[in-house]
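This report covers strand pairing and helix packing in one model. The sequence and structure come first.

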Amino acid sequence: MTDVSLLVGGQAGDGVMRTAELIGRIFNRMGLYVFVINDYGSLIRGGHNFCKIRISERQLWLHRESIDLIAAVNQDTIAKHEKELVDGGRILYDSDVSQYKGSHESLPIPLTDMVKQAGGSPIMRNSVLIGAIAYLYGIPPSLANDILMQAYGDKATKNIELARAGYDYAEKNFEKILTIKPISREQTPFISGAEAVALGAVKAGMKLYVTYPMTPSTAILNYIGPNQESLGVVLVHPENEIGAANMALGAAYAGVRTMVGTAGGGFALMQEAFSMAGQAEIPVVFVVGQRVAPAVGAPTYTAQADLKFAVGAGHGEFPRIVVAPGDPEEAFIKTGEAINLAWKYQSPAIVLVDKHLLESYMSIYIEENKVKVEPAEIAEEDSGDYRRYRFTESGISPLAFPGWAGKVVKVTSYEHNEYGYAEESPEGIQKMQEKRMRKLSSLIQDLKERETVKIYGDTSAENLVVAWGSTKGAVLEVMELIKKPLKFIQVLYLSPFPGWEINKHLKLAKKVLLVEGNMTGQLGSLIAEHTGFRIENTVLKNDGRPFDQILLAERIKEAFGWR
């Protein structure tokens with residue numbers, strides 16, 4: 001089976017991430033499965049950026065650390081990544097600015113000079129690289145042209161010309177590495193987690209996206225921004241994170257399905273607004289992209305250390321929904337669910353993601369019909385006396401919106417009575433607290449009809465791995481590698497926590513291993529809190545990078561005694 005790994009590298013501003021995405025789209029169009037991960041520092045120009053592109057005939061869940069080809073637009077890329085090449089690996093590089101005299105096969109190509117001769121800009125060296133890579137892997141030039149035309153539209157002509165020049169130069173000077181043949185399968189999207197989050201939200205009725213840019217959630221802004229008209233969405237970039245959160249509350253109060261995008265540090269600034277959403281029963285969804293923390297941390301690298309922060313967000317007690325998808329399909333479906341549940345139960349919701357999920361691209365099937373607009377409970381316009389916080393058996397009060405004739409729609413951050421006016425009597429406070437918390441019972445029953453966990457592998461196996469979020473991909477790749485009787489439970493919902501579902505798998509397991517991208521086993525703590533089961537065996541790390549399936553496989557084999 002084909003399993004090819006490429007690396008494209010340069011410095012910030014060289015366009016390597018866009019190049020890797022386009023290469024991925026070419027292979028995806030051929031029917032292959034592709035996974036692309038990017039790695040970059042917190043710089044606008046300079047430094048070192050690279051992307052790894054993995055291609056196979058089977059579904060891929062993660063990149064591969066070892067690489068078959070380096071495509072370098074500068075010397076630094078060669079120096080930093082030569083050691084990652086497999087035996088027989090090759091280095092394709094700009095011979096006008098770099099040189100290579102090592103043990104791997106050298107594929108020099110004068111990118112800079114070719115672009116100058118064609119009258120192009122320096123960033124177009126990437127188009128020459130795309131053409132050369134197309135030849136090296138037996139890809140028809142017409143396919144690369146189609147992808148470039150789709151990407152650049154009326155600006156594609158020069159890029160197509162340079163891609164053809166790269167193809168012709170490679171054909172004349174290099175031998176093909178491999179002819180990768182197209183495969184026949186149902187076409188799937190090649191999509192990032194950020195794009196999937198946005199599209200899932202739109203499918204569930206989102207009309208307003210409010211955000212202050214903060215990596216990694218900026219990737220959602222970058223997608224929605226130029227596509228507002230086609231998506232039917234308005235994007236607002238206010239002055240700061242506090243402004244973003246409060247603006248979203250106001251829009252939702254007015255009846256607009258609204259989502260906020262931020263990262264851990266930005267969400268820290270939104271805590272008062274989040275708590276007000278709980279008190280005022282305003283349905284707002286917050287996408288929180290995790291990155292290395294605390295404080296600024298390493299802002300362009302991934303982590304899973306905000307679980308407890310999300311589950312305990314806001315001061316006081318109130319229902320909240322926290323869901324943690326692990327791939328773009330889940331990001332699409334679970335973001336849509338979060339919006340629907342927020343409106344159905346008039347509670348704030350969090351979609352907890354991370355840099356690895358948001359910014360990586362992969363080929364994956366998405367069942368779009370799993371998301372639709374689920375109606376909220378709306379008051380009748382001619383129902384007379386309106387009480388925004390009317391006491392009901394379920395705790396859910398029918399919604400009305402400002403401007404409805406004869407209705408005063410009063411919301412407040414104060415504890416309040418049914419009409420929204422301040423309430424400070426002990427009986428009144430207790431009654432409203434109980435009213436809000438009654439929504440949890442209905443919400444939990446609703447979740448029992450939805451997918452709160454996923455089970456993979458041998459369902460009868462006594463050895464169980466537990467993980468959440470994007471770490472799912474590494475665990476699935478390990479299961480492909482070790483071929484042992486192993487069950488994997490992926491936790492999707494963190495609040496309300498599906499202890500009812502998880503507990504039955506824990507009870508059947510002989511040995512349980514927890515895998516998380518944090519240092520304290522935060523999911524393990526949540527499991528212990530809700531089920532009483534303490535997972536003693538863990539694989540934990542927080543170095544800013546996703547798990548490597550080779551190293552993780554060794555840790556899993558060691559934990560289960562499979563040496």
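## The β7–β14 pair

Ser 192 stands opposite Tyr 361 in β14. Three bridges join β7 to β14 (residues 361–363), and these two strands run antiparallel. Strands here are DSSP E runs of at least two residues and helices are H or I runs of at least four, numbered from the N terminus; two strands pair if DSSP finds at least two bridges between them.

The model is predicted, with local features needing pLDDT of at least 70 and side-chain atom pairs counting only at pLDDT 80 or more, while totals for chains, interfaces and linings use all residues. Residues are numbered from 1 along each chain as its sequence is written, and side-chain values use heavy atoms, leaving out hydrogens and water.

## The sheet

An open sheet of eight strands has the order β6-β5-β4-β1-β3-β2-β14-β7, with mixed pairing. Its edge strands, β6 (105–109) and β7 (190–192), each pair on one side only.

Helix α7 (residues 193–203) lies across β7 and β14 and runs at about 85° to β7. Axes are lines fitted to C-alpha atoms, for helices over the stretch in contact, and angles run from 0 to 180 degrees between N-to-C directions.

## Helices α1 and α5

The axes of α1 (residues 16–29) and α5 (residues 141–152) come within 10 Å and cross at roughly 130°. α1 and α5 are therefore oblique to each other (under 35 degrees is roughly parallel, over 145 roughly antiparallel, 65 to 115 roughly perpendicular, and the rest oblique).

The contact (heavy atoms within 4.5 Å) involves residues including Leu 22 and Ile 26 of α1, and Ile 147 and Leu 148 of α5.
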